[in-house]
Amino acid sequence: MRIEVDLDLCQGHAMCELEAPDVFEVPGKGKVRVLEEEPSEDHRDEVAAAVRYCPTQAIKLQEM
């Protein structure tokens, strides 16, 4: 799987970081940083939750 983020949509709510802190980081008053663009399967559920709960739908999960 591969994570794609639309930084134009990201508003820095940090829901992704709450759901998957090993994969996403949101600095104070900033936009998301993806720490692992191709996370392991161990993180699938966390990443899926981050995608689901992103208020602006800025994160997408692509299957490779």
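**Notebook: charges and a tucked-in His**

I started with Asp6, which sits in the loop between β1 (2–5) and α1 (15–19); helices (H or I, at least four residues) and strands (E, at least two) are DSSP runs, numbered from the N terminus. This is a predicted model, where local features need pLDDT of at least 70, side-chain atom pairs count only at pLDDT 80 or more, and totals for chains, interfaces and linings use all residues. Residues are numbered from 1 along each chain as its sequence is written, and side-chain values use heavy atoms, with hydrogens and water left out.

I checked how open Asp6 is: partly exposed, at 34% relative accessible area. Buried means under 20%, exposed over 50%, partly exposed in between (1.4 Å probe, protein chains only). I also noted that Asp6 and Ala20 are 14 residues apart in sequence and 17 Å apart in space, C-alpha to C-alpha.

Next I looked up His43, in the loop between β3 (33–34) and α2. His43 counts as buried because its relative accessibility is 14%. His43 touches Met1, Asp22, Val23 and Glu36, leaving out residues up to four places away in sequence; contact means heavy atoms within 4.5 Å.

Then I went for salt bridges (a side-chain nitrogen of Lys or Arg within 4 Å of a carboxyl oxygen of Asp or Glu). The structure has 5 of them. Arg44 pairs with Glu41 at 2.8 Å, N to O, and also with Glu63 at 2.9 Å, N to O.
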